[in-house]
Amino acid sequence: MGKINKGILGGFSGKVGNVIGASWKGIDYMRVKAAKVNNPRTEGQLDQRSKFSKVLHFLIPMKDFLKTGFKQYAIKMTEFNSALSYNIKNAVTGTYPNQTVDYANALVSRGDLTGVLNGSASSTALGTVTFSWDDNSGTGSAKATDNAMLLVFNPDKEEALYITDGPSRDSTTADLTIPDDYAGDTVHAYLAFISDEDKDVSDSKYMGSIAVSS
């Protein structure tokens, strides 16, 4: 039974039918009681849970990188949750139960800074992934002093290796050191830029899947 707190025009607490009255920080409010879900495992729900799980396994190893990569989109949410939301919507392919992360459409950095031009990555020496790109300083918001952000994700080991303060944009190349036990593994590489004031970042660019040199 609901109880009127301040006369007939005041708020009430408790339950009347399917309406619940309560107060939060001195503000009276009402909400409708949620309907009981008879089948909490519908195809749509299973599909969404599967997407969530796939993307979660992809992003957790790079959580600290995302604090920089998604800081411009951390609006009323954490950087990680912003990345999670974006990639669930844009970086999963297939339908339940055959879903996978679409690495080519995934973003590990998102922002307005002018991004990568003609980027590539390769592994020709044990323990190293080499990134290269064209210097597009002066195009849009790109500056020669922007720093490269490098990331490699190893799906078999569920690990990510990265740096957010790599060489400048006009250097056009950078090496990322990886463990020797990555030899023979296939990894996925991403490249982005961050301004030298650490204020702006670019969208990441997928550099492709790479067979690590052994």
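Let's start with the parts list: this protein has three helices and 13 strands. Keep in mind that what you see is a predicted model. The protein has 214 residues, and 36% of them count as buried. The accessible surface is about 11900 Å². Carbon and sulfur atoms make up 50% of that surface.

One more overall number. Take the contacts with a separation of 6 or more. Of these, 59% are between residues 24 or more positions apart.

Now the helices. Look at H3, residues 79-90.

Which residues of H3 are buried? They are Phe-80, Ser-82, Ala-83, Leu-84, Tyr-86, Asn-87 and Ile-88. And what covers them? The cover includes helix H1, at 43-59, and helix H2, at 63-69. Strand E5, at 92-93, is also part of that cover.

The largest nonpolar core has 27 residues. Some of its members touch the most other members: Phe-58, Leu-59, Met-62, Leu-66, Val-108, Phe-153 and Tyr-190. Which elements give two or more residues to this core? Helices H1, H2 and H3 do, along with strand E9 (147-154) and strand E12 (186-194). H3 gives the most, with five residues.

Zoom in on Phe-58. Leave out residues up to four places away in sequence. Phe-58 then touches Val-101, Tyr-103, Ala-106, Val-108, Phe-153 and Tyr-190.

There is also a second, separate core, with 20 residues. Among them are Trp-133, Ala-148, Tyr-182 and Val-212.

Next, the sheets. A quick reminder: strands of a sheet pair through backbone hydrogen bonds, either parallel or antiparallel.

Take the four-stranded sheet. This open sheet runs in the order E10-E9-E12-E13, and the pairing is antiparallel. Why is one side of E10 and of E13 left without a neighbour in the sheet? Strand E10 (159-163) and E13 stand at the edges, and each has a single partner strand, so one side of each has no neighbour in the sheet. From one strand to the next, the twist averages 20°.

Look at one pair in that sheet. E9 and E10 pair in the antiparallel sense over five bridges. Here Phe-153 stands opposite Ala-160 in E10. You have met Phe-153 already, in the largest nonpolar core.

Now the sheet of three strands. It is open, its order is E7-E8-E11, and its pairing is antiparallel. Neighbouring strands here are turned by 30° against each other on average, ignoring direction.

Strand E8, residues 128-132, pairs with E11 in the antiparallel sense over five bridges. Val-129 has Leu-176 in E11 as its bridge partner.

Last, the loops. Start between E12 and strand E13 (205-211), where you find Ser-195. Is Ser-195 buried or exposed? The cut-off for buried is under 20% relative accessible area. Ser-195 has 4% relative accessibility, so it counts as buried. What does Ser-195 touch, not counting residues up to four places away in sequence? It touches Leu-113, Asp-146 and Asp-200.

Asp-198 lies in the loop between E12 and E13 too. Asp-198 is partly exposed, with a relative accessible area of 45%. Its phi is near 60°, a positive value in a residue other than glycine.

Thr-172 is in the loop between E10 and E11. Phi of Thr-172 is positive as well, near 65°, and this residue is not glycine either. At 28% relative accessibility, Thr-172 counts as partly exposed.

One final stop. Where is the cis peptide bond? It joins Tyr-96 and Pro-97, with omega at about 5°. Pro-97 sits in the loop between E5 and strand E6 (100-101).

Notes. Residues numbered from 1 in each chain as written. Predicted model: local features only at pLDDT ≥ 70, side-chain atom pairs only at ≥ 80, totals over all residues. Heavy atoms only, no water. Expected span 1.5 Å × (residues − 1). Buried < 20%, exposed > 50% of the residue type's maximum accessible area, 1.4 Å probe, protein only. Contact = heavy atoms within 4.5 Å. Pairing = 2+ DSSP bridges. Axes fitted to C-alpha atoms, helices over the stretch in contact; angles between N-to-C directions. Core = buried A, V, L, I, M, F, W, Y, C linked by side-chain atoms within 4.5 Å. Areas by Shrake-Rupley, 256 points an atom, 1.4 Å probe, with all protein chains shown as cover.
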